[in-house]
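My notes follow the model.

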Amino acid sequence: MITQPAIRDADADLISASLTEPEAFAELFDRYSGMLYRYVSRRLGAGPAAEDLVGETFLVAFSRRRSYDLTQPDARPWLFGIITKLVSRHHRREAARYRALRRAPVELDVESPADRVAAGVTAQAAGPDLAGALAALPAKDRDVLLLIAWGDLTYEEAARALGIPIGTVRSRLNRGRRKVRAALGDANPMLGEE
């Protein structure tokens with residue numbers, strides 16, 4: 001878990017200040033863009049798509065800053081919730097593109113959306129077996145598992161990020177871990193992951 005320095009302004013204070021001084025929002029980008037990029041790079045692979053989604057996350061957050069719950073001092077769960085939804089939207093568009101290609105009269109050698117997800121997951125230390133196991137998970141279970149394992153969010157933060165009860169986070173995480181372990185021969189894929 002990344003510890004937040006006590007001397008800096010709370011994220012909620014920056015968001016509040018940005019309502020009258022929009023440039024104050026830039027501090028959130030400086031704080032969290034690297035963290036979000038690492039998270040989405042592990043899900044989609046490093047490169048332009050990950051960069052675009054991080055940028056889009058901050059555009060969405062900036063446009064929605066008036067609705068931010070200022071009683072929540074830490075904006076990380078909010079930002080991770082936004083980027084997780086954008087990753088899902090990215091996968092849906094990708095799947096639609098593949099469906100359209102399947103209907104095309106010219107036969108192309110195109111990998112399935114599950115293969116693209118597996119190729120995009122860059123869990124380098126665990127290798128392709130982990131990527132395949134993650135790709136086989138239902139999206140809701142995968143989102144919870146990756147927010148906690150790769151996003152370094154707590155259960156409470158993951159619940160806030162996804163807008164679901166903490167009990168749902170726990171059950172999805174448990175189910176996801178069981179399925180990944182089973183797919184990997186009951187090994188713990190998170191050992192050795194940072």
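What share of the 194 residues in the protein is buried? I get 43%, with buried meaning under 20% relative accessible area (1.4 Å probe, protein chains only).

I note the ground rules. This is a predicted model, where local features need pLDDT of at least 70, side-chain atom pairs count only at pLDDT 80 or more, and totals for chains, interfaces and linings use all residues. Residues are numbered from 1 along each chain as its sequence is written, and side-chain values use heavy atoms, leaving out hydrogens and water.

I looked up the secondary structure next. The protein has 9 helices and 0 strands, taken as DSSP runs (helices H or I, at least four residues; strands E, at least two) numbered from the N terminus.

The axes of α7 (residues 139–149) and α9 (residues 166–183) come within 8 Å and cross at roughly 95°. The two helices are therefore roughly perpendicular, a label for angles of 65 to 115 degrees. On the α7 side, the contact (heavy atoms within 4.5 Å) includes V144, L145 and I148. On the α9 side, R172, L173 and G176 are among the residues involved.

Confidence came last. pLDDT, the predictor's confidence in each residue from 0 to 100, averages 78 in the protein. A score of at least 70 is reached by 71% of the residues. I marked residues 114–126, where pLDDT stays under 50. Where pLDDT is low, the predicted coordinates should not be read in detail.

Terms used
Buried means under 20% relative accessible area, exposed over 50%, partly exposed in between (1.4 Å probe, protein chains only). Axes are lines fitted to C-alpha atoms, for helices over the stretch in contact, and angles run from 0 to 180 degrees between N-to-C directions. Angles under 35 degrees count as roughly parallel, over 145 as roughly antiparallel, 65 to 115 as roughly perpendicular and the rest as oblique.
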